[in-house]
Amino acid sequence: MPVRWLRAAGVLLAGIAVGAAMAWGASGICPVAASGGFANCVSDNDPVVHAVQANAAGGTPYRFQLHRPSTGSVWGWWQYNDTSVHVFTISIAGLVTGQVDNRGAGTVNYGVIVD
Amino acid sequence: MILAGIAIGALLVLRPWADDGPPPEPPAAAPDLRGAPLDLRAAPWALQEGGSPALDTAPPTQSLVFPPGVGYAPALRLIVQSARQDGRVPAAATPAGPLPPEVVIVRPASPREGLRVSLLAPFGWTPDTRLIRPASLRLPAAVSLRGATARLRGLAVPGSPLPRGVAVDVPRLEPCQIAVGTPDDRPACP
């Protein structure tokens, strides 16, 4: 099989994967440095459910909040001391961003869903 | 197409760090909920369409007294279950008047008394910004975010009960948010 076909197939598969991920709102893994304050992670329009998880205990405690830039509105924050999945179920109009504040040590990845 | 793939990847990786949005909206005028029939779905912690309300401008809201022996975590679960469904006062609880806004719970002074929980901010409020927290749920420890899609979709369904295995997060309250015996028996907030 010509190399360009393989490349095309790879890009196609990546597109399918991206499409599948985007079907579930906005989700991402966000590296957040400690002591940097709230960092933007992922955003989506008109979300109804929001979730966060620290990928390592070194990134605890951490804070999670939702922010709507168009109005400056904030939901939260909550502070968590574990690596469980935490969920808000709030229906919000407009573009909303999930933000994480790493109050632990180092740079840690956090999984965030805003949908 | 490769360039398109790179562009998509970049969009997924890049995060806007700077955020200089406009100042927060002024709080909307809210009704006084002191004498209104209790509908937990309309309480300031539950109905947060415009953001978490400011503690100091939110309407006075009643509290609930739970039977002796019911702790803070079970009380929060009952409150969340009600707000997710019909909004009625949990059968085990008795409505009482509003607490001072800063007071989240009044712990019983004796085993014969019950826990009293604010319906203004049962999940507490943020000490720095003094915003009323919404409820937060916790999935079982074995569940990863990647594997949580179906559960999250279920949790987002309006009117659905709280599934077994999904916990209600219990906040770590500041000392001034906790009174003992009477609403005034607590340290002052900073």
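Two residues are in contact if their C-beta atoms, placed from the backbone, lie within 7 Å. The structure described here is a predicted model, in which local features need pLDDT of at least 70, side-chain atom pairs count only at pLDDT 80 or more, and totals for chains, interfaces and linings use all residues. Residues are numbered from 1 along each chain as its sequence is written, while chains are lettered from A and ligands numbered from 1 in the order in which they are written.

The model scores ipTM 0.80 and pTM 0.80. Confidence in each residue is given by pLDDT, which runs from 0 to 100. Chain B averages a pLDDT of 85. In that chain, 81% of the residues score at least 70. Residues 1–21 of chain B stay under 50. The model has 18 contacts beyond four places in sequence for them. Residues 24–30 of chain B are also below 50, with 13 contacts beyond near neighbours in sequence.

Helices (H or I, at least four residues) and strands (E, at least two) are DSSP runs, numbered from the N terminus. Chain A has 1 helix and 8 strands. Its pattern along the sequence is α-β-β-β-β-β-β-β-β. Chain B has 3 helices and 7 strands. Its pattern is α-β-α-β-β-β-β-α-β-β.

A residue is buried if 20 or more other C-beta atoms lie within 10 Å of its own, exposed if 12 or fewer, and partly exposed in between. Buried residues make up 45% of the 115 residues in chain A. In chain B they make up 33% of 190 residues. Contacts between residues at least 6 apart in sequence were also examined. In chain A, 73% of these join residues at least 24 apart. In chain B, the share is 71%.

A nonpolar core is a set of buried Ala, Val, Leu, Ile, Met, Phe, Trp, Tyr and Cys residues joined through C-beta atoms within 7 Å. The largest such core has 67 residues. A:V87, A:V100, A:Y110 and A:V112 have the most contacts inside it. Helix α2 of chain B (residues 72–84) gives the most to this core, with 6 residues. Helix α2(B) has 13 residues and reaches 18 Å from its first C-alpha to its last. This is close to the 18 Å expected at 1.5 Å a residue, taken as 1.5 Å times one less than the number of residues. Its buried residues include B:L76, B:I79 and B:V80. The buried residues of α2(B) pack against β4 (116–118) and β6 of chain B.

One open sheet draws on both chains. Two strands pair if DSSP finds at least two bridges between them. The sheet has 6 strands in the order β1(A)-β8(A)-β3(A)-β6(A)-β5(B)-β6(B), with antiparallel pairing. At the edges stand β1 (26–33) of chain A and β6 (167–168) of chain B, each with a single partner strand, so one side of each is left without a neighbour in the sheet. The chains meet where 2 bridges join β6 of chain A (residues 86–88) to β5 of chain B (residues 137–138). There, A:H86 stands opposite B:R138. A:V87 touches several residues of chain B, among them B:L137 and B:L139.

A second open sheet has 5 strands of chain B, ordered β2-β1-β4-β3-β7, with mixed pairing. Strands β2 (94–96) and β7 (178–180) are its edges, and each pairs on one side only. Strand β3 (residues 105–107) runs parallel to β7(B), joined by 3 bridges. B:V106 stands opposite B:A179.

Methods
pLDDT = per-residue confidence, 0-100.
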